[in-house]
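I opened the model today to look up strands, their partners and a loop. My notes follow in the order I took them.

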Amino acid sequence: MSHSVSPLAPRKYAKMPAIDGVRIATAEAGIKYRNRTDLLVMVFDKGTEVAGVFTRSRCPSAPVDLCRANLPGGKAGVLVVNSGNANAFTGQKGRATTSATAKAAAAAAGCGEGEVFLASTGVIGEPLDPAKFTGLLGEMAKSAEPARWDEAGKAIMTTDTYPKYATQKALLGDVEVTINGIAKGAGMIAPDMATMLSFVATDAPIAAAALQEMLSKGTAKTFNAVTVDSDTSTSDTLLIFATGKAKGAPPITDPRDPRLAPFRRALNKVLKNLALQVVRDGEGARKQIEVTVTGAKSSKSARKIALSIANSPLVKTAVAGEDANWGRVVMAVGKAGEPADRDRLSIWFGDNRLAHKGERDSAYSEERTSAYMKRDEIAIRADLGIGGGKATVWTCDLTKEYVAINGDYRS
């Protein structure tokens with residue numbers, strides 16, 4: 001099922017450098033899609049450290065279970081990702097598939113089964129036959145090469161309309177290290193979509209515990225601050241691999257080490273860049289929406305209200321129709337179940353203040369606001385006027401194409 005590339009796709013893709021200690025191969029296994037790659041293998045040099053964060057869904061996929069089981073070991077030898085089938089809600093068959101895949105992958109990469117990481121994305125509830133792709137892993141591991149990040153980004157797509165890449169350099173001590181990331185994700189529809197996958201790799205020598213702390217903190221304001229349609233996938237997986245191959249870089253074990261500051265900033269940039277690309281490729285998306293809530297009781301409360309606005313189909317369809325319907329933002333603030341005072345609420349679309357102190361702003365200009373709504377990036381701000389809490393989340397508009405894509409996802 002092909003869809004035209006999102007109008008919010010990047011004008012040009014990041015040039016992805018090779019990372020010492022990571023080798024990549026892709027293949028066409030024909031799991032669901034024909035004539036496109038749907039299998040990715042990343043082989044890591046011995047000693048590569050790993051950290052990860054996963055879906056909060058109570059119905060996680062079999063690959064998520066396997067990753068969670070292997071993560072405490074802190075070491076990675078190989079990553080195998082397939083698209084077209086999520087291997088989620090597949091019971092005993094699903095576990096048999098991850099077990100067979102881990103065995104084959106460990107043999108192919110010459111590492112222990114505890115150093116295998118798996119991710120699957122696609123339809124939920126369909127058994128995934130390991131025979132379709134486990135036989136390819138040996139040859140893929142042998143022929144894997146470092147300079148194939150472009151291919152990696154393409155192999156993990158499902159309904160994505162473009163591959164998602166990000167790269168940054170940072171100083172660790174006085175040595176330059178590289179961070180590369182790829183992601184996929186376009187919608188999170190239950191029960192058929194299994195969506196957000198992201199894989200980040202660096203040549204920096206950083207221990208698993210420090211990686212984990214940075215990743216968990218960095219995710220809070222990036223991947224966990226984006227929403228396409230409020231449906232959490234069964235398969236969301238974000239993994240970071242550190243090969244330690246940057247010559248002369250100081251090994252870091254403590255997450256509080258001050259030398260990590262530039263690396264942390266660069267990692268957060270990669271995570272935010274990828275997260276926003278996921279939003280901009282929301283199924284059928286035509287506009288990116290940034291929702292900021294200020295003046296809330298607490299930042300936790302601000303975040304809940306921001307998500308209430310961002311996830312409202314009425315707010316999202318108003319933006320799609322370029323209608324500055326601020327009454328829908330009032331509705332979304334009111335229904336969030338968080339402290340709010342109607343008579344202190346102010347609402348902006350861009351620099352246009354539409355509502356103030358519980359009523360329409362006297363200086364409101366329909367003409368100016370309507371012109372603003374034609375942009376492809378829309379900023380909505382709600383100030384509650386009752387505290388110091390603030391939060392920002394990102395989403396996209398909701399168009400007819402979203403319904404079309406998800407109405408025939410399995411057909």
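**Open sheet**

I began with a pair: strand β4 (residues 78-85) runs parallel to β5, and eight bridges link the two. I keep in mind that this is a predicted model.

I checked one position in this pair. Asn85 sits opposite Val123 of β5.

Next I looked up helix α2, residues 91-109. This helix packs on the sheet and touches β2 (39-44), β4 and β5. Its direction makes about 130° with that of β5.

Then I traced the sheet itself. It is open, has four strands, and reads β1-β2-β4-β5 with mixed pairing. Which strands stand at the edges? They are β1 (22-27) and β5 (116-123). Each has a single partner strand, so one side of each lacks a neighbour in the sheet. I also noted the twist, which averages 10° from one strand to the next.

**Strand β9**

I moved on to β9, residues 237-242. Buried or exposed? The strand is mostly covered, with six of its six residues buried.

I then sorted the residues by face. In a regular strand, side chains alternate between the two faces of the sheet. On one side of β9 I found Thr237, Leu239 and Phe241. On the other I found Leu238, Ile240 and Ala242. All of these are buried, and both faces are covered.

Which strands pair with β9? I found β3 (residues 49-54), which pairs with β9 in the antiparallel sense over six bridges. Within that pairing, Ala51 has Ile240 as its bridge partner.

I followed the chain from β8 to β9. It passes through helix α5 (residues 208-220), and this β-α-β crossover is right-handed.

My last stop was Ser235. I located Ser235 in the loop between α5 and β9. Why does Ser235 count as buried? Its relative accessibility is 1%, and the cut-off for buried is under 20%.

I looked for a side-chain partner as well. The side chains of Ser235 and Thr234 are joined by a polar contact of 3.0 Å.

How values were computed: Residues numbered from 1 in each chain as written. Predicted model: local features only at pLDDT ≥ 70, side-chain atom pairs only at ≥ 80, totals over all residues. Heavy atoms only, no water. Buried < 20%, exposed > 50% of the residue type's maximum accessible area, 1.4 Å probe, protein only. Pairing = 2+ DSSP bridges. Right-handed = clockwise from strand over helix to strand, strands pointing away. Axes fitted to C-alpha atoms, helices over the stretch in contact; angles between N-to-C directions. Contact = heavy atoms within 4.5 Å. Polar contact = N/O pair within 3.5 Å; in protein donor to acceptor, adjacent residues only side chain to side chain.
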